[in-house]
Amino acid sequence: MPPLKALAILVIFFGIASIMLQHRYWLPLSSKGKSTLYALQQSTVGVHRSEEFFLLNYEAMEKDLKVFVYPGGNPKTCYHSIDKKLKSNYASEHYFFMNLRNSSFLTENPDEAHLFFIPLSCQPIEDQDALPRYKELVIQNYVRALTIKYRYWNRTLGADHFFVSCHGIGNRATAAFPFLLKNAIRLVCSPSYDSNYIPHKDVSLPQILELSLPPEGDGMWNDSTMKSLPIQLSPEETHPPRTKLCFWAGYPSTEVRKNLRVHYKGLEEFEIHFVENAKRAFVLDKFQKEICRSKFCICPRGKTQVGGVCLAESMAFGCVPVIMSDYYDLPFNDILDWNAFSVILKEDDVPIMGEILKGIPEDTFENMRQNVLKVSKYFKWHFRPVKYDEFHMVMYELWKRRQVIRY
């Protein structure tokens with residue numbers, strides 16, 4: 001082999017090896033049927049993709065970002081501070097509204113705003129309204145009124161505007177105003193590539209039921225959320241002996257969940273519980289000890305999102321998430337290196353999931369668990385916004401998107 005060709009091959013080989021050492025990869029070793037066996041390659045970087053870039057831009061965001069909130073319209077479609085109805089899977093929507101109201105990002109001068117918030121909240125809209133397409137018409141009329149009264153929407157046809165969309169009612173209602181979905185930034189609780197979620201424009205809003213520090217005696221917050229179970233755990237309680245390999249509890253509503261039942265129900269190392277129509281609050285309450293003694297928490301695709309005790313909840317318990325949802329857009333994926341603190345598998349990998357998890361060395365697992373504890377602060381809500389909490393991370397995602405706006 002000519003010397004120059006051999007040198008080129010060596011350069012390419014060591015270049016690839018260097019990249020692989022900087023990240024954790026699941027490399028294919030062999031195939032079993034339709035599934036592939038993987039080997040874990042250890043990461044040598046931290047939990048951020050570029051920590052220096054993130055910290056510098058985060059500081060700029062905290063200093064400069066300004067948001068103008070349009071006045072609310074019909075109380076059946078627009079969020080109001082006295083609204084206590086947004087809970088359960090829509091609690092993150094409520095927390096975001098409340099945190100934004102109490103933040104330093106608000107401005108009463110729309111001319112200095114980088115972004116404009118449309119306070120739509122479709123959850124209070126009832127199906128009892130007599131008129132056909134009532135929800136769609138009310139939202140369409142409200143947004144149209146904003147475009148007439150204010151000049152800011154028409155500058156970009158909504159590209160520097162954002163709103164929260166956490167469930168199917170919101171998607172159907174806002175579809176009546178096409179540019180609202182096409183151009184405006186949506187904060188989406190169930191971000192999936194096989195839906196009308198638009199990556200790089202929309203923002204993933206992680207769902208979580210609990211506040212990190214629920215205030216004593218505050219009726220508004222206590223009425224709108226359940227007791228905070230995992231977030232109140234002490235550091236000692238998040239470091240129990242992890243005697244079980246993995247945990248999941250929920251309803252087998254999708255193929256990947258049904259396959260979990262087929263392959264792992266009743267096995268000693270697996271805390272797998274199938275509960276009819278289980279709500280996440282029920283799972284957290286009933287299976288708290290099981291979660292605490294499990295090394296991994298399985299986060300399989302549900303009907304609309306990665307469901308069960310997942311992501312934020314598993315992190316609060318110091319449990320490494322195993323994400324099994326092929327089209328799920330991981331929250332803050334452009335900021336955090338999810339390979340450093342989670343296991344990401346295909347939905348078809350259910351039959352070999354056990355082998356993969358058992359094959360992860362103990363020191364590798366411990367490093368991942370420590371990283372879970374590091375990033376858990378990014379997935380917590382507080383009564384008053386706290387630096388680097390989920391509210392600020394969502395605002396940071398919005399801050400980055402404001403740079404694509406051209407007037």
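I started with phenylalanine 116 and tyrosine 152, and both are buried (under 20% relative accessible area; exposed is over 50%, partly exposed in between, with a 1.4 Å probe and protein chains only). I noted that this is a predicted model, where local features need pLDDT of at least 70, side-chain atom pairs count only at pLDDT 80 or more, and totals for chains, interfaces and linings use all residues. Residues are numbered from 1 along each chain as its sequence is written, and side-chain values use heavy atoms, with hydrogens and water left out.

**Aromatic pairs**

I searched the whole structure and found 26 aromatic pairs. Rings of Phe, Tyr and Trp (its six-membered ring) pair if their centres lie within 6.5 Å; planes under 30 degrees apart are stacked, over 60 edge-to-face, and the rest tilted. I looked up tyrosine 58 and tyrosine 396, which form a tilted pair at 6.3 Å centre to centre, with 35 degrees between the planes. This pair links distant parts of the chain, 338 residues apart: tyrosine 58 is in helix H2 (residues 51–64) and tyrosine 396 in helix H15 (residues 390–401). Helices (H or I, at least four residues) and strands (E, at least two) are DSSP runs, numbered from the N terminus. Both tyrosine 58 and tyrosine 396 are buried.

I then went back to phenylalanine 116 and tyrosine 152. Their pair is stacked, at 5.0 Å centre to centre and 25 degrees between the planes. Phenylalanine 116 belongs to strand S4 (residues 115–117) and tyrosine 152 to helix H5 (residues 152–156), 36 residues apart. I also logged one aromatic cluster, made of Phe96, Phe97, Phe105, Phe117, Phe162 and Phe391.

**Charges over rings**

I checked for charges over rings (NZ of Lys or CZ of Arg within 6 Å of the ring centre and within 35 degrees of the ring normal). Arginine 402 lies over the face of tryptophan 399, 3.5 Å from the ring centre. Lysine 387 lies over the face of tyrosine 388, at 5.3 Å.

**The sheet**

I traced an open sheet of five strands, ordered S3-S4-S5-S6-S7, with parallel pairing. Strands pair if DSSP finds at least two bridges between them. S3 (67–69) and S7 (203–204) are the edge strands, each pairing on one side only.

I followed the pairings in turn. S4 and S5 run parallel and are joined by two bridges. Phenylalanine 117 has phenylalanine 162 in S5 as its bridge partner; both residues are also in the aromatic cluster. Four bridges pair S5 with S6, again in the parallel sense. Valine 164 stands opposite leucine 187 in S6. Leucine 187 in turn stands opposite valine 203 in S7. S6 (residues 185–188) runs parallel to S7, joined by two bridges.

I looked at the cover on strand S5 (residues 161–165): five of its five residues are buried. His161, Phe163 and Ser165 lie on one side, Phe162 and Val164 on the other.

**Helix H14**

I closed with H14 (residues 362–375). Its 14 residues reach 20 Å from first C-alpha to last, close to the 20 Å expected at 1.5 Å a residue (1.5 Å times one less than the number of residues). The buried residues are Thr364, Phe365, Met368, Arg369, Asn371, Val372 and Val375. They are on the same side of H14 because they cover an arc of only 160 degrees around the axis (from the directions from the helix axis to the C-beta atoms). Asp363 and Lys374, on the other side of H14, are exposed.
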